[in-house]
Structures are given as C-alpha cells and as structure tokens.
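Here is a short report for a first look. Please keep the sequence and the model side by side as you read.

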Amino acid sequence: MFKSKRDRGRILTASGLKKLNEALQEWSDRHNIRGTLTEIEAESGVGADTVSKIKQGREGADLSKIRQLFAAFEMTLANGDHRSAKLEEPENLDELDNLPPAEDTATSSRIVKVFVSYRSAEPDRELGKQLETALSAIGHTVFTAENNIRLGDNWFDRINFFLQECDYLLVLLPPTGNQSELLTYQVQQAKELQDSRPDRKPIILPIRVGFSLNAPLNHDLRGYLYRIKQREWKTTADTPIIIEEVLNLLAEKPTPVTEETEQLTQKQLLEISSDEIPLPAAEPELPGGQVDVASQFYVERSPIEERCYQTIVQPSALIRIKAPRQMGKTSLMARILHHGARQGYCTVPLTFQLVDKGVFANLDKFLKWFCAYVGRELHLPNQLDDYWDEIFGSKVNCKDYFEKYILPQIDSPLILGLDEIDRVFQYPDIAEDFLGLLRAWHEESKRRDIWKKLRLIVVHSTEVYIPMNINQSPFNVGLPVDLPEFNSQQIQDLAARHNLNWSDAEVENLMAIVGGHPYLVRVALYHISRSDLALDELKETAASDAGIYSDHLRRQLWNLEEYPELAQGMKEIVEADSPVQLKAMQAFKLDSLGLVKLQGNECVPRCELYRQYFRSHLSAIV
C-alpha cells in the first residue's frame, strides 16, 4: 500500500464527471431550472465552491463531499468514478485499475469551459451536437444556446454570460449568406473580451461548415478573425477529424498568443474582387457589411460618388463621410479607394473598429501602431527606431515618419481610408491629438509638395463630440458627404435589379415599413425576390421575432440593453407621438446606431419597423 504524504483530496475521473454532468442536466431539465451552483448547493447541501471544484476537476475535494453530491442526485459513487488528486501517489494499487487509459487521463486532466455556437439549421446543428457530446463526455463544461437558454431567459444576458465564462468559443461558421449579425456580434464580443484580459480568453476556434477556406466571410467577421486559423468541414467524414483536433487542442495548455495567419492580408478587409460590373441579370445577394464594387446591387446616390471620384485625385484631398450604421459608408469608401487604385495610387484602408484596445493605451503607442500599420500595408520595413525620438514628442515623430520615410518611398499619391474613426472618439486624450494631426497634415499638403501625395478619407457614424479648436479639427474642412437614405426612385430601380416589376404603390408600401434605410430595403427585396414571402406578409411580420428582420432587431436590442441610458431614450422616442428632445450624447449615439433620425435637436424613430419593435420590447426591460 502506498500513502500520499499529504491528503490532496479526490478528483472525478472522466467516467465520474460524465455521470455527474448527465445527472445534473437531467435534474435541471426535470425541474426547468438552470442548474446553477447555488441551486445545486440548495439541493445537495454541498457548498457552491466545493461543487465548482468537483465539476472543474482542477484540484481535489473531500471524498465525503463527492459522495454527498452523488447521493443527492440518486447516484452511487463507484471506485472508477474518482481518483487521487495526485496521480503519482495513489492510495491503493488497486486504484490504478480504475483510472482511465493514459490518453483519456491526458485529455481529461485539463477541464475547460467551451461555448459551442451554431445555428439551428443542418448540417451545423448536427455537427454542433456531436462536438458538444464529445466534449461533455470527458468532463468539459459546454454551453450552447439550445441547451442553456430556457423559455423566459434574457437571450442577450445568457450569451454574454457564456462568453464571459468560457475558455474557448467554438464557433461554426455558415456560408457568407447565412452569417448573421448576431453571429458576428458574438465573435466581436469575444475579441473585445480577449483584448481586455491578460489570459486572452476566450480563445476563438472557427470552423467553416460547408464552404471553402477561400470563400469570403462577411466584412466584419473577416476582420475579427484575421490571423486566426480556421478549419473547414465539408462532409460527415470530416466530423471525427474535427472532433479529434478540438479535443487534442483543449487538452493542451494554451501558448502565448501566436495566431496563425489566415490566407488574407489586412488590406483585403476592403478588397475589391473585380474590375468588371456584372450584367443586370444577377442572383439576389443577401446584404451584409460592405457591398463589393462589382456588385449589381450597389445603388449610387448621385452626384455623391462622382463628386468623391473627382475630389480624391486632387492634391490636398480630404473627404469626410458621415452616416449612421448600415447606410453604406464603408461601401462608398471602398469605391473611392478602388477609383484611386485604378489611377495608379497607393491605397491603405484602415478600420479602427478592429483595432485591439491595448493600442489605445496612450498616444505614443497609438501613433507608433498607426505608422507601423500604414508602412506594413505599403510593404515598407518598420523603421520606427530610426525616426522616433522621445525628445520631440509623439506627434512630431509621427509626422517625421510620414514626411521623411513613408511618403518619399512611394512614387504615387497615397490614399488613407480611415473607417470607423468613431472608435478613436472613445479615447478623448488620443482623439484630440490624432484628429489635430490629420488636420495639420491636410494644411501641410496645401504648401509642401511632399504632403501633396497624401489624400484622406475619414468615415464616421456619429457627431464629433470631442471639444476641439476650430482650426485643429479635420471635420470642418474638405468635402463633407452625408449619406442619405434611398428615395423611392432608387428603391424602384433596386427592385428592378432583383427582377421585381414594382409599381409606385408597392414601393410606398415598403417605405411605410422601413423608410429608405439601405440595409433594411435590400433585405426585404432579397427575400421577396426569392419568394420567401410577399410584401403583404412582410407588413404583418416585419416587427416580430419570427420575421426576416428578427436577427437585426435582436442585435439592435442587445446594443440598447448594454447601455440603459440609450434604451431609456429610445423608449421615450417610440412611445411619443411627436419628436422628442434628448441629451445631445444620447441623440448622437442613437443616430449612429441608425435607430433614429435627428430633426434639429429632436429625435424620431428612423422607420415604422423600429417604432413597432422597440415599443413592445423596451417596455419589458426599461
């Protein structure tokens, strides 16, 4: 007999953990409860901390407590269900016979929490269920929306909880047309959690289901998953291979972040796929993010595009594009960059929404990152050490890096497309200096040849609420572009491109629901052109949780729930029969989300769809 020098308690084996997890799941299903640690403690009399310790299997627990927990849920603790917390010091040689095989021990010795995110359609659901079964069988804690969100639960709170609790987000990615706003938002939230945590959790494991690694993701997902290795599932024959790879990965301790590079460059975030505009006969495409330059379904809002094309080829060009979310800002910027590229210009798109939070730690770090990023996109070696001298300060160093290194290295003008610059507004100390620097460069370009090479496109959703000297702001110079909604003629033209021969009355009926909101209009025309529903059905179901806008509306509701002050303001607006005046910041942010229209200092819902949906849903949460 061998005796441990110190009692380290007991840990459940793979079979013991499986038995416990199945019993807890059956119990929580039977009583229609979540099965939280507090609920388990109330049922078993075993403290919540001890229950957590037993379920995680990371350190030993008292054997009597494990027996008590098993007995509470009508199970008998067998010898093979537990082992010593220190494998090399078993209490009894007979215990070795009860340990799982060596390979199982290696896998189950590291128990983690995994959120498996998949849609309800096949084959995604079947693959998701098989991954869930395989992970649970060896003791990992698995969250899924299907199993862990019950009738009456707040969906957004539960998803946020899963993301905050999990060590891994295992996300099954459907083909581009089915990549929803909520799926994108889950990945965005996971990335933001990573950026805010020293352990960089949750680690994102993307699996493409039924579409090639070479096929494009939607614009935002492509950015959030940049440099994260993805796997592809083609048929059921791939299922055991995927499961084995996931299990092996979870068994290993994560190494410091060394994400493998996807076969995409950051420049491809806004890449144009073709120089040719397709013929009028085109398959309907579900809108999502940037509209490709080659798309038949991009609607020009004349004379905006032509004015931008004329401006960008002029020295000292600065174009400011402002519009709420999903109004087409990024698509217009991509077209301007494409026009510049066809003139032989260098183009660098930079989307601030995808920049890690750590970059905004201070002005020096931010400007170094900015210089290095632009240089990398131009395939120039990083020479920051040669140009950065702390005596002169960050802004002077940044200016010198462009003036003495980047701009002299290129033979043609450079267009910088700065998208989602609102992100910088969240850091006032950085924003004031950075925006002032852009204005200074614009002024330099009027009198110095080297700076005439630089052209700027600045894209933002909301009003600029950073207090700035009028002579230091880039937001009162250059060409201002305020993207409007589609008018009835543009919607009729877009309907024709979807092979719909609509009358003026049909256009008016659609606009009575969604106004001229570009994204909402395109979603409707896509589904109607595919005979998924008729215009009359859309009118009846648009604002429901079963309608074609359900994903979009839930995403917007999630946004509001994250910021109670905005939710309260939106509630006032949709319940009022006349325009409502809010605090300036509330109004700006609701406008940037695309939820309201500003009429002077007052707000109204952007469309009837939003009025109906938020009137019924906000009353329950505000």
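How many residues of strand 5 are buried?

## Strand 5

Strand 5 spans residues 168-173 and is mostly covered, with 6 of its 6 residues buried. Buried means under 20% relative accessible area, exposed over 50%, and partly exposed in between (1.4 Å probe, protein chains only). Strands are DSSP runs of E with at least two residues, helices are runs of H or I with at least four, and both are numbered from the N terminus.

In a regular strand, side chains alternate between the two faces of the sheet. Here Y168, L170 and L172 point one way, L169, V171 and L173 point the other way, and all are buried.

## Basis of the model

The model is predicted: local features need pLDDT of at least 70, side-chain atom pairs count only at pLDDT 80 or more, and totals for chains, interfaces and linings use all residues. Residues are numbered from 1 along each chain as its sequence is written, and side-chain values use heavy atoms, leaving out hydrogens and water.

## Neighbours in the sheet

Strand 5 runs parallel to strand 3 (residues 113-117), joined by 4 bridges. F115 stands opposite L169. Strand 6 (residues 203-209) also runs parallel to strand 5, with 6 bridges between them. There, L172 stands opposite I207. Pairing requires at least two DSSP bridges between two strands.

## Helices 19 and 20

The axes of helix 19 (residues 488-497) and helix 20 (residues 504-514) come within 10 Å and cross at roughly 105 degrees. The two helices are therefore roughly perpendicular (65 to 115 degrees). S488, I491 and Q492 of helix 19 meet D504, V507, L510 and M511 of helix 20. Contact means heavy atoms within 4.5 Å.

Key. Axes are lines fitted to C-alpha atoms, for helices over the stretch in contact, and angles run from 0 to 180 degrees between N-to-C directions. Angles under 35 degrees count as roughly parallel, over 145 as roughly antiparallel, 65 to 115 as roughly perpendicular and the rest as oblique.
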